[in-house]
Structure formats: C-alpha cells, structure tokens
Amino acid sequence: MTSLPGPTGSGFLAPRKGRSIGSAAESRRVLVTVVHEEGIIYTVNMLILNKTAGVFSKPSKRNMYEFLRSFNFHPGKLFLHKLVLGIETSCDDTAAAVVDETGNVLGEAIHSQTEVHLKTGGIIPPVAQQLHRENIQRIVQEALSASKVSPSELSAIATTIKPGLALSLGVGLSFSLQLVDQLKKPFIPIHHMEAHALTIRLTNKVEFPFLVLLISGGHCLLALVRGVSDFLLLGKSLDIAPGDMLDKVARRLSLIKHPECSTMSGGKAIEHLAKQGNKLHFDFKPPMQHAKNCDFSFSGLHHIIDKMIMQKEKEEGIEKGQILSSAADIAAAVQHTVACHIAKRTHRAILFCKQRDLLCQSNAVLVVSGGVASNLHIRKALEIVTDATQCTLLCPPPRLCTDNGVMIAWNGVERLRAGLGILHSTEGIRYEPKCPLGADISKEVGEAAIKVPRLKMNI
Ligand code: KG4
Ligand code: ZN
C-alpha cells in the first residue's frame with residue numbers, strides 16, 4: 001500500500017444530506033433515487049397528489065424496492081441513469097469526472113503538471129508520481145462535488161490502468177481500489193488509448209466502425225474501431241510520438257525563453273511560432289516515404305532538425321540556449337513536415353479500409369484525437385485527405401483531445417452499457433505500463449503495399 005492520502009476520513013465518503021436513498025420533494029413531485037443491484041441508479045420522478053403524499057413522502061428503502069417492483073418497470077432511457085466516476089493518472093495529468101450514460105458531464109476536475117515538467121525539461125516519473133499523490137484526492141472530491149452526485153450513487157468507478165508511466169498509473173489505481181472497496185462498487189479498468197478513441201461518441205453520434213488517428217506526446221497510432229473493445233491496429237510509431245518530437249524540438253530551440261511561448265507545451269509553441277515563419281525556408285523530407293505501410297517515425301526527422309539547428313547556431317554565431325532568428329521558419333517547416341507524414345500514413349489507412357470494405361460505405365469517418373490533434377495545420381492536412389477520399393473528419397473539442405477524466409468515465413459508461421470488463425472483485429488487478437491496442441494487422445497493411453496518390457498540401 002502506498003503512502004497515498006487515503007479517501008477515508010474528512011467525511012470524503014459521507015453521503016451528502018438527502019441525496020443517497022431518499023427523496024427530494026418538489027411541490028407535487030418527488031424525485032426518488034434508488035441504488036439497485038450492480039450499482040445501477042433508478043431515478044423515478046413520481047407524481048403524487050397532496051392528499052396521498054404521505055404514502056411516499058418518506059419512502060423506506062424496502063418500500064421503494066416494492067414500489068418499483070409494483071410497476072411493470074422497463075428501464076428505458078428516461079428512467080435509467082448509470083453514473084460513472086472516471087479517474088486518469090497515466091501520465092502527467094491528475095483528472096477525474098462524473099459522466100452519465102447519455103454523455104452528460106456532471107462534474108470534472110483536472111490538475112495539470114505541464115508547468116512543472118516544462119521547467120525540468122521533461123517528465124521525471126517520481127516527480128509526476130508525487131504530484132499525482134498530492135492531488136488525486138482533491139481532484140476526485142472536486143469532480144464529485146461539482147457533479148452533485150454522492151459516491152454511493154455511482155454505478156461504477158473506471159480508472160486508467162494501461163498503458164502509461166508505471167509510477168503514475170500506480171497512484172490512480174491504488175486510490176481507485178481503496179474507493180471501490182469502501183463503496184462496494186464495480187470497478188472498470190480502462191485502456192487509455194481506447195478511451196481516447198471512444199471520446200468522439202460522447203460528443204457526436206458516431207457508429208462503429210470508424211477509423212481513429214491518435215497523436216499525442218506519448219502515442220501515435222492508426223486503428224479501426226469496430227466496437228467498444230474491438231480494435232484493429234493498422235499502424236503505429238516505430239520510435240517516438242509526434243508530440244514528443246515537437247516537445248524536443250521546442251526545447252532545443254529554447255522556446256520556453258520566448259516571451260509568447262513560455263507557458264505553452266512544446267507542440268503548442270511550435271504551432272504558435274510557425275504562424276510567423278515561412279515553411280519553405282527549410283526543406284525537411286517526410287520520413288518513411290518508401291515504406292508502403294501505415295507506420296510512423298519521428299526520430300530520424302528529429303535528428304535531422306537537431307543538426308540543422310546546430311548549423312544555424314554556427315551561422316548566426318549564437319550559443320545553444322539562445323533563440324535563433326530563424327526559429328519561426330524552423331517551427332513552420334517542422335510542423336509542415338510532421339503534418340505531411342501524418343496525412344500520408346492516414347491516407348493509406350483510409351485506402352486500405354476502403355479496399356477491404358472495413359468502413360461504412362456511405363459515411364466513412366476518420367476521428368483524430370490526442371494533444372497533437374489540436375494543431376490546426378495538421379488538421380488542415382488531414383482535411384485535404386478526407387476531402388479527397390470522401391470521408392468525414394471528426395475531432396473532439398480540444399479539452400477532450402488531451403488527457404482528461406471525462407474520456408475515462410465515458411469509456412466506463414460504454415463498457416457498462418456493453419457489459420464488458422466490469423469487475424466485482426479487486427483481486428489481482430495490476431497496472432500495465434505497456435499494452436498494445438487491439439489486434440495488430442499492421443504487417444498485413446504493409447503487405448497490401450497501397451500506393452497513395454499525391455495530394456497538394458497547400459496549407
Ligand atoms: O494527449 P496529451 O495531453 O498527452 C499525452 O501525450 O498523452 O498530449 C500532449 C502532447 C504534447 O506533446 C504537446 O506538445 C502536444 O500534445 N500538443 C500539441 C499542441 N498542443 C499540445 N502539438 C501540436 N500542436 C498543438 N497545438
Ligand atoms: Zn493520452
């Protein structure tokens with residue numbers, strides 16, 4: 001057991017007055033909430049006449065069950081509310097949210113460690129762990145308080161257990177398991193990438209199957225989403241993720257010292273500066289141009305950019321750590337090259353899916369998510385691809401593209417609705433720092449060797 005501040009004490013789990021099993025009278029209506037088997041919550045809006053109100057005004061738990069049984073009760077959308085608390089600590093954000101089964105975000109809270117990690121020039125896992133420990137209880141409490149849901153009303157607790165930084169995942173998991181044990185609630189272990197991929201179904205009406213591109217600081221993959229937990233992996237980065245590369249380049253360019261970029265993540269700083277630069281001043285080639293698969297690579301490009309920066313420092317006669325006069329041009333060229341690489345691999349994935357009839361013929365959907373998906377230049381490049389292939393491009397709003405608690409809670413709702421991976425015992429649950437997403441068919445994709453037509457990336 002860790003030295004994590006436990007969820008016990010300070011009234012954390014005390015049900016808030018009049019909200020657990022009980023009633024809230026509202027003129028002639030009584031809103032009664034009953035927690036049923038499996039933690040499912042039935043909220044019944046009972047119309048009562050004043051003269052007979054005494055019968056139901058203070059229903060006992062037993063009376064309520066009998067009362068509900070006396071109805072030919074069909075738990076339809078109007079009456080059935082599943083409420084899931086989602087907890088995320090896989091990397092450098094401590095996040096929690098309460099979401100209901102219709103996708104309403106009832107409450108959310110997040111503590112970002114970006115500022116701390118910016119100062120140290122990257123995530124130091126024990127530092128991230130300590131910050132998660134310091135913040136998790138407050139963040140969960142804030143999300144619950146904002147939602148006005150008492151812990152006893154939750155249908156389940158969903159927590160990211162894979163993949164991610166071991167020390168960070170451990171904090172969220174041990175906190176959640178304590179909570180689950182105390183509340184006697186089902187536990188839903190969440191795959192972080194699955195959660196990113198399904199977020200779009202909270203904001204848009206998107207049916208399976210759809211294609212998803214996840215691009216962030218820690219991930220880079222293309223997958224076909226066939227169901228809540230049914231994924232085909234078409235391609236992934238063979239080395240680092242695009243966000244990681246943009247962070248490294250931003251650090252090498254010392255953008256933290258740039259007055260307009262000092263509080264921005266590396267990727268955001270590159271996007272910001274790129275607007276002031278000319279991408280044509282540098283000619284970086286997109287990686288893997290001859291590999292006819294959907295894999296990505298950013299390490300080689302990173303190396304070439306590093307060498308270019310060194311050369312420019314020599315030419316401009318400045319020391320490492322000072323900002324180059326050509327920093328904006330480099331940012332623009334880097335961003336464009338990354339966009340072209342991502343667009344090309346995605347184009348091939350769409351063509352592969354179309355060739356194998358894996359996507360909906362009348363409305364093929366490409367979903368793009370992850371921190372890097374908030375980059376508008378990259379989005380425009382992807383738009384050119386989806387226009388050329390008659391696909392619909394969808395992105396969750398920026399706050400749901402980056403790591404958050406809502407996507408974890410929503411994945412819990414999706415799993416609860418599908419009856420998948422709901423655990424009633426916490427025995428033997430472990431976090432997994434490394435865990436692939438779905439069935440890997442990237443070799444088959446490469447063997448198909450699809451030639452991608454050239455598209456003009458006039459962005
Ligand atoms: O999804 P996220 O919050 O965390 C994970 O990595 O899982 O993504 C953070 C990454 C960072 O590498 C950051 O530099 C990048 O997303 N990022 C961006 C932009 N905003 C954040 N990259 C490019 N353009 C942006 N506007
Ligand atoms: Zn993520």
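Predicted model: local features only at pLDDT ≥ 70, side-chain atom pairs only at ≥ 80, totals over all residues.
Local features need pLDDT of at least 70 and side-chain atom pairs count only at pLDDT 80 or more, while totals for chains, interfaces and linings use all residues; side-chain values use heavy atoms, with hydrogens and water left out. Residues are numbered from 1 along each chain as its sequence is written, and chains are lettered from A and ligands numbered from 1 in the order in which they are written.

Start with the chain as a whole. Its secondary structure comes to 15 helices and 15 strands. Helices (H or I, at least four residues) and strands (E, at least two) are DSSP runs, numbered from the N terminus. Of the 459 residues, 53% count as buried. Buried means under 20% relative accessible area, exposed over 50%, and partly exposed in between, with a 1.4 Å probe and protein chains only. The accessible surface comes to about 21,000 Å², and carbon and sulfur atoms hold 53% of that area. Such areas come from the Shrake-Rupley method with a 1.4 Å probe; for residues, only the protein chains shown count as cover. Take the contacts between residues at least 6 apart in sequence: 72% of them join residues at least 24 apart. Contact means heavy atoms within 4.5 Å.

Now the sheet. Five strands form an open sheet in the order β7-β6-β5-β8-β9, with mixed pairing. Its edges are β7 (105–112) and β9 (187–191), each pairing on one side only. Neighbouring strands are turned by 20° against each other on average, direction ignored. Axes here are lines fitted to C-alpha atoms, for helices over the stretch in contact, and angles run from 0 to 180 degrees between N-to-C directions. Two strands pair if DSSP finds at least two bridges between them. In general, strands of a sheet pair through backbone hydrogen bonds, either parallel or antiparallel.

Strand β6 (residues 93–100) runs antiparallel to β7, joined by 7 bridges. A97 has E108 of β7 as its bridge partner. On β6's other listed pairing, β5 and β6 are antiparallel over 6 bridges. There L83 is partnered by D100 in β6. A hairpin of 4 residues links β5 to β6. The pairing of β5 with β8 (residues 156–162) is parallel, with 4 bridges. G86 stands opposite A158 in β8.

How much of β5 (residues 83–88) is buried? The strand is mostly covered, with 6 of its 6 residues buried. L83, L85 and I87 point one way, and V84, G86 and E88 point the other.

S176, a residue of α5 (residues 166–183), touches I87, I157, T159 and F187, leaving aside neighbours within four places in sequence. S176 counts as buried because its relative accessibility is 0%.

β13 pairs in parallel with β10 (residues 210–215) over 4 bridges. L214 is partnered by S369. β13 also runs parallel to β14 (residues 391–394), again over 4 bridges. V367 stands opposite L394 in β14.

Next comes the zinc ion, ligand 2. Which residues donate to it? They are H192 (NE2), H196 (NE2), H219 (NE2) and D403 (OD), at 2.1 to 2.4 Å. Donors are N, O and S atoms within 2.8 Å of the metal (3.2 Å for Na, K and Ca); water is not among the atoms, so sites may look incomplete. The sequence spacing of the donor residues is H-x3-H-x22-H-x183-D. H192 and H196 both belong to α6 (residues 192–198), 4 residues apart, about one turn of the helix. An α-helix has 3.6 residues a turn, so residues three or four places apart point the same way. Both H192 and H196 are buried.

Finish with α14 (residues 406–418). Its 13 residues should span 18 Å at 1.5 Å a residue, and the end C-alpha atoms are 18 Å apart, which agrees. The expected span is 1.5 Å times one less than the number of residues. Because 11 of the 13 residues are buried, α14 is largely enclosed by the rest of the structure. Among those buried are W410, N411, E414 and R415. Just after the helix, G419 takes a positive phi of about 65°.
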